[in-house]
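This report describes the packing, strand pairing and ring contacts of one protein model. The sequence and coordinates come first, and the description follows.

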Amino acid sequence: MGIVVENVSKHFGSFHAVDQVSLQINSGSLVALLGPSGSGKSTLLRLIAGLEMPDSGKIFLTGKDATYQSVQERNIGFVFQHYALFKHLTVKQNISFGLEIRKAPQKKIKNKVEQLLDLVQLSGLGNRYPSQLSGGQRQRVALARALAVEPNVLLLDEPFGALDAKVRKDLRAWLRRLHDEVHVTTVFVTHDQEEAMEVSDEIVVMNKGKVEQVGTPAEIYDHPASAFVMSFIGPVNILPSSAKLFQSSGFDSNNPEVFIRPRDVIVEREPNGTTTSAIVHRIIHLGWEIQVELKLDDGQIFTAHLTRERFDELQLQPEERVYVKPKDTKSFPLYYSI
């Protein structure tokens with residue numbers, strides 16, 4: 001087993017950063033801790049790393065109780081958002097730093113550094129300094145340094161948060177490929193839903209210090225366990241259950257609000273007995289799909305996502321009248337905002 005967290009809590013004064021969290025992360029998996037700011041994801045990561053001590057509960061790493069072990073005893077590789085590289089050391093010296101501290105043989109250090117430079121696609125740049133590298137390259141150096149000591153667990157705290165969108169997307173794909181090569185148990189913190197969905201084997205959704213749901217990206221998206229999860233993962237319309245859209249389609253709910261993904265809104269040119277009249281309020285071209293804002297006769301505004309082919313077929317224009325119905329909806333006993 002990779003990581004087991006048992007009923008762990010961490011309070012800062014009256015603030016419950018992590019509240020009775022239990023979690024199991026399989027050895028060799030790549031898991032995302034996902035949630036909004038203040039949800040407890042970074043605190044949980046620091047507890048696993050040993051940078052914080054829990055107020056209660058236990059943490060096991062590779063089957064051993066590590067609750068009160070030091071960072072060094074846990075054999076953790078940790079990568080921060082802002083790299084934390086040594087500016088006065090070269091790329092090679094940064095990568096070898098942990099091995100030098102452990103007094104590894106020089107031949108082993110040299111071979112390991114060359115191997116990691118190749119692994120992180122930085123061969124030929126070993127004699128450069130961090131200031132001579134791009135942000136994406138510096139983050140790869142930080143990952144190589146963390147991997148040099150052959151950690152049992154690799155922890156990444158919003159590793160791509162300081163990078164621009166294009167570099168961040170490229171590094172996400174690279175991290176996934178890297179993990180598939182090294183297979184070290186990896187946990188990374190992010191507030192970016194797309195990042196979590198694209199990279200991880202499993203997602204742990206956190207909110208207000210608690211775990212809302214654990215599952216694969218498909219499970220989290222298609223079968224959200226709560227209103228919070230559905231509202232946080234992917235785009236969603238939240239409408240009152242009394243909205244005309246649901247009355248016309250025959251949908252009935254005892255809960256006050258209904259959740260519907262924009263992709264699950266069907267748009268037609270003609271009514272068919274189960275549709276509701278709406279006006280095209282705004283059209284937004286997103287490249288790979290079209291977002292259409294629709295306004296019902298009762299004033300409710302919601303969005304539909306159409307493929308480019310479907311949009312071209314319908315030939316929609318602003319202020320036109322169309323007819324809509326929900327393909328799939330979900331409702332929950334209680335909704336609370338992010």
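## Nonpolar cores

The largest nonpolar core has 45 residues, and Ile95, Leu154 and Ile233 have the most contacts inside it. A nonpolar core is a set of buried Ala, Val, Leu, Ile, Met, Phe, Trp, Tyr and Cys residues joined through side-chain atoms within 4.5 Å. Buried means under 20% relative accessible area, exposed over 50%, and partly exposed in between (1.4 Å probe, protein chains only). Helix H5 (residues 135-148) gives the largest share of this core, seven residues. Another core, of 25 residues, lies apart from it; Val8, Leu47, Val189 and Val204 are among its members. Helices (H or I, at least four residues) and strands (E, at least two) are DSSP runs, numbered from the N terminus.

This is a predicted model, in which local features need pLDDT of at least 70 and side-chain atom pairs count only at pLDDT 80 or more, while totals for chains, interfaces and linings use all residues. Residues are numbered from 1 along each chain as its sequence is written, and side-chain values use heavy atoms, with hydrogens and water left out.

Not counting residues up to four places away in sequence, Ile233 touches Leu34, Gln193, Met197, Val205, Ile220, Tyr221 and Arg261. Contact means heavy atoms within 4.5 Å.

Five of the five residues of strand S3 (residues 30-34) are buried, so the strand is largely enclosed by the rest of the structure. Leu30, Ala32 and Leu34 point one way from S3, Val31 and Leu33 point the other way, and all are buried. In a regular strand the side chains alternate between the two faces of the sheet.

S3 pairs in the parallel sense with strand S8 (residues 185-190) over five bridges, and Leu30 has Thr186 as its bridge partner in S8. S3 also pairs in the parallel sense with strand S9 (residues 202-207), over four bridges; there, Ala32 has Ile203 as its bridge partner. Two strands pair if DSSP finds at least two bridges between them.

Leu155 lies in strand S7 (residues 153-157) and is buried, with a relative accessible area of 0%. Leaving aside neighbours within four places in sequence, its contacts are Leu45, Ile48, Ala49, Ile76, Gly77, Phe78, Val79 and Val187. Leu155 and Ile48 are 107 residues apart in sequence, and their C-alpha atoms are 8.6 Å apart in space.

## Aromatic rings

The structure holds four aromatic pairs. Rings of Phe, Tyr and Trp (its six-membered ring) pair if their centres lie within 6.5 Å; planes under 30 degrees apart count as stacked, over 60 as edge-to-face and the rest as tilted. Two of the pairs are tabulated here.

| Pair | Centre to centre | Angle between planes | Class |
|---|---|---|---|
| Phe86 and Phe97 | 4.6 Å | 45 degrees | tilted |
| Phe228 and Phe232 | 5.6 Å | 10 degrees | stacked |

Phe86 lies in the loop between strand S6 (76-79) and helix H3 (91-101), and Phe97 lies in helix H3, so the pair ties together parts that are eleven residues apart in sequence. Phe86 is partly exposed at 29% relative accessible area, and Phe97 is partly exposed at 34%.

Phe228 and Phe232 are four residues apart in helix H9 (residues 227-232), and so are separated by about one helical turn. Both Phe228 and Phe232 are buried.

A charge sits over a ring if NZ of Lys or CZ of Arg is within 6 Å of the ring centre and within 35 degrees of the ring normal. Arg140 lies over the face of Trp174, 5.9 Å from the ring centre. The charged end of Arg261 sits over the ring of Tyr221, 4.2 Å from its centre.
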